[in-house]
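Here is a short briefing for a first look at this structure. Keep the view open as you read.

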Amino acid sequence: MRLLWVLLIPLALLGQKPDFSGIYEWPKALPGAEHGKGSATIFDRRNFAPFKPGGEAFLEPRTGDPRHDEPRDFCLPAGMVAGMLSANAVRLVQNGQFLAIAHEFQAMTRLIPLDGRKHREGLEPMFNGDPVGHWEGDTLVIETTNFKRWMLDDYFYTNPKEYRMHSDALRAVERIHRKDASTLSYRMTIDDPKIFTEPWSQDFEMKARPDWESMGIFEYVCEENNRCPGGKCGGQ
Amino acid sequence: MRLRLAVSLLLASAAGFAHHSFVAEFDETKPVKVTGVVTKVEWQNPHVWFYVDVKDDNGKVTNWGFGGGAPGQLMRRGITKQVIQPGMTIKVEGFRSRDGSNNASGGKVTFPDGRMVFTASAEDKLPESKK
């Protein structure tokens, strides 16, 4: 506790923002959130906000073509949001202009501008979307938009006949706050106002792992030895 | 000791995501349990794969392939590539590939002396038995 005050008081006096730089565990769901398959219940349909009229079009049937139903089979990026929640180490590097998130999973790298710039315009949709960050007190708020269309699918196949898509209005909002000297609070909010009546969120925590500094972040080249493209495990 | 640590760390880990859905590749209604000799280990992304020669009652040998977690995921649990090496006799439990081949998820590995280690990705389905 004393360490926390030692960290926070000088920042408050200087009007500076927290520096989240360090190596962390991936965002883990809080105790009690686990149910069904996996703890990232933000993808569980039971937790979705209600549909707007016509929002059911969001549930697109699977076609049987793995390039449609499971593009990750071919090592295409999981991207935001799912990739951010993958069970791998995460390195945060921050200065006044950027927060860099180097996620070990698929070497996913996100550069979050912190200098007040707006979203870029005219870009093609992206796997990791287009993020911008701003501060609300000591909480860093990252808003990401402009996603490729399958970034919010049913990862756990809870209904084999459904394949979830989102509209071009999808926004993912992350809120990062230092809970204590070794823990970041991490809230993920999903908002797709063309489909849902309201946003919904899940709270996670990221634990600092200074004991992982000596390991650092490992290389992750998904194409190196992908044995199961399209659900066909090729073996040796 | 290292293996015991690895298992405890894995049990404490929460679910997350791998590069693809477990369900897309493996059939969780088709459990596989074999005992055999490790012939090859591929300690590579996106998943560690290891291969096991399994002899049936008639003496016929079949080579099975098992996919596990990503190398980085396993190493952070204390599971290094030295844990599973060619020539070792192991029991492997997992779930068969949907394509019907002799490939499967390799959720749990048990050594002849009873030591046990999980090699699955954190979110993969694990065999129900505890030993």
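Four strands of chain A form an open sheet in the order S1-S4-S5-S6, with antiparallel pairing. This is a predicted model.

**The four-strand sheet**

- The edge strands are S1 and S6 (108-113) of chain A, and each pairs on one side only.
- On average, neighbouring strands of this sheet are turned by 20° against each other, direction ignored.
- In general, strands of a sheet pair through backbone hydrogen bonds, either parallel or antiparallel.

**Strand by strand**

- S1(A) and S4(A) run antiparallel and are joined by three bridges.
- Tyr24(A) stands opposite Val90(A), a residue of S4(A).
- Five bridges link S4(A) with S5(A), again in the antiparallel sense.
- These two strands, S4(A) and S5(A), form a hairpin with three residues between them.
- Across this pair, Gln94(A) faces Leu99(A) in S5(A).
- S5(A) and S6(A) are antiparallel and pair over six bridges.
- Leu99(A) has Ile112(A) as its bridge partner in S6(A).
- S5(A) and S6(A) also form a hairpin, this one with four residues between the strands.
- In the turn of that hairpin, Gln106(A) has a positive phi of about 55°.

- Side chains alternate along S5(A).
- Leu99(A), Ile101(A) and His103(A) point to one face and are buried.

**Nonpolar cores**

- Nonpolar side chains tend to be buried together in soluble globular proteins.
- The largest nonpolar core here has 32 residues.
- Val81(A) and Val90(A) have the most contacts inside this core.
- Several strands of chain A supply at least two residues each, among them S1 (22-24), S4 (90-94), S5 (98-103) and S8 (139-145).
- A second, separate core has 22 residues, including Tyr51(B), Ile84(B), Val92(B) and Val109(B).

**Arg175(A)**

- Arg175(A) sits in strand S10 of chain A.
- Neighbours within four places in sequence aside, Arg175(A) is in contact with Thr139(A), Val141(A) and Arg187(A).
- Pro210(A) is 35 residues from Arg175(A) along the chain, and 22 Å separate their C-alpha atoms.

**Chain A overall**

- Chain A has two helices and twelve strands.
- From the N terminus on, its elements run α-β-β-β-α-β-β-β-β-β-β-β-β-β.
- Of the 236 residues in chain A, 33% are buried.
- Among contacts in chain A between residues at least 6 apart in sequence, 56% join residues at least 24 apart.

**Chain B overall**

- Chain B has three helices and seven strands.
- Along the sequence, chain B follows the pattern α-α-β-β-β-α-β-β-β-β.
- Of the 131 residues in chain B, 45% are buried.
- Among contacts in chain B with a separation of 6 or more, 59% are between residues 24 or more positions apart.

Conventions:
Residues are numbered from 1 along each chain as its sequence is written. Chains are lettered from A and ligands numbered from 1 in the order in which they are written. This is a predicted model: local features need pLDDT of at least 70, side-chain atom pairs count only at pLDDT 80 or more; totals for chains, interfaces and linings use all residues. A residue is buried if 20 or more other C-beta atoms lie within 10 Å of its own, exposed if 12 or fewer, and partly exposed in between; C-beta atoms are placed from the backbone. Two residues are in contact if their C-beta atoms, placed from the backbone, lie within 7 Å. A nonpolar core is a set of buried Ala, Val, Leu, Ile, Met, Phe, Trp, Tyr and Cys residues joined through C-beta atoms within 7 Å. Two strands pair if DSSP finds at least two bridges between them. Axes are lines fitted to C-alpha atoms, for helices over the stretch in contact, and angles run from 0 to 180 degrees between N-to-C directions.
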